[in-house]
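Thanks, everyone. Let me put the model on the screen, and then I'll go through the aromatic residues and the sheet.

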Amino acid sequence: MKRLYLVYTLMAMICMTSSCRNQKDSPQPKIVTTTTMITDLVHQIGGDSIVVVGLMKAGIDPHTYKASEGDVHQLSSAQAIFYNGLHLEGKMADVFKKMNKSGYQTYAISDALLPEDIISSTDFSGNYDPHIWFSIQNWKKAAMYVSGVLSELHPNNKMYYENNLCKYLQSLDDMAVELQKKINKIPSEKKILITAHDAFGYFAKEFDFQVKGLQGFSSAAEAGTANMIALAEFIAENEIPAIFVESSVPEKTMIALQMAVENRGFNVRIGGMLYSDALGNPETPQGTYIGMYHANIETITKALYVRE
């Protein structure tokens, strides 16, 4: 069951030809997820045929998250567990390894991707950027992966999962077109994104941005003085109009960066808050992956599209 679900052309054919009947098994099995992005993804595909229990809530940083006693109970009683992988859930990596060896069904969303889909670290060999959800193309592959896993777990619901998958893939395609139109309004020389940590590399690759994070791939890393100075000088020299705080990272480091830039004779403003490692509150539009992405692009375009 750990094989890669990479037969994407076949899935596209299914979306076009499937009768998409809404047939589901009962009762509802419990599926446990780690991050809010994965919780939303599994819910989009599984619908009301499953009960999805997300361990992490809005605003929670997965890089530093530690499993509680209640989390361990949820994990041990789940039929299947979906997590990101690539060391995003750094403190929980050993938990998943042990559970997998003990026979629990654990699935890393990153297993849906090919090596060329994943951004490697230029500083540390063997380290990879875990923020794979900021590539819409990657997230489509993740959706196919989840559909494949759920279909193997509950074959009688296969058509139901494929129906949900077809709808979700179309929604992601529609979103990508709409976001590209908004991003196209930003002059190329202003497409520079400065954030608290290096979470937007996949976004940059997909939408042709230059991104710089004060911290590295993990928000658990310290923002060194040298990094602060170098980034402040870069912002001042290039007269970048705005920098961004993140919902899951304390804003104090970005305020310090803003002050460092001002000390170099240039005023940079906080352009707003971006959702990086967690979605917004469930009762808000930002509580879904699609809503989160729309909110981020709205914030970015307003801050960087400075009309002359």
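Start with phenylalanine 134. It is buried, with a relative accessible area of 0%. Keep in mind that this is a predicted model. Tyrosine 293 is buried as well, at 1% relative accessibility.

Now the pairs. The structure holds 13 aromatic pairs. Take phenylalanine 134 and tyrosine 293: their ring centres lie 5.9 Å apart and their planes stand at 85°. Over 60 degrees counts as edge-to-face, so this pair is edge-to-face. The pair links distant parts of the chain. Phenylalanine 134 is in the loop between β4 and α5, while tyrosine 293 belongs to helix α10, residues 289-304. They are 159 residues apart.

Next, phenylalanine 200 and phenylalanine 203. Centres 6.4 Å apart, planes at 85°, so edge-to-face again. Both residues are buried.

Which residues form one aromatic cluster? Trp133, Phe134, Trp139, Phe200, Phe203, Phe207, Phe209, Tyr289 and Tyr293.

There is also a charge over a ring. The charged end of lysine 212 sits over phenylalanine 234, 4.7 Å from the ring centre.

On to the sheet. It is open, with 4 strands in the order β2-β1-β3-β4 and parallel pairing. On average, neighbouring strands are turned by 25° against each other, direction ignored.

Inside the sheet, β1 (residues 30-33) pairs with β3 (residues 80-83) over 3 bridges, in the parallel sense. Valine 32 has isoleucine 81 in β3 as its bridge partner.

Technical notes: Residues numbered from 1 in each chain as written. Predicted model: local features only at pLDDT ≥ 70, side-chain atom pairs only at ≥ 80, totals over all residues. Heavy atoms only, no water. Pairing = 2+ DSSP bridges. Helix = DSSP H or I, 4+ residues; strand = E, 2+ residues; numbered from the N terminus. Axes fitted to C-alpha atoms, helices over the stretch in contact; angles between N-to-C directions. Phe/Tyr/Trp six-rings, centres within 6.5 Å; stacked < 30°, edge-to-face > 60°. Buried < 20%, exposed > 50% of the residue type's maximum accessible area, 1.4 Å probe, protein only. Lys NZ or Arg CZ within 6 Å of the ring centre and 35° of its normal.
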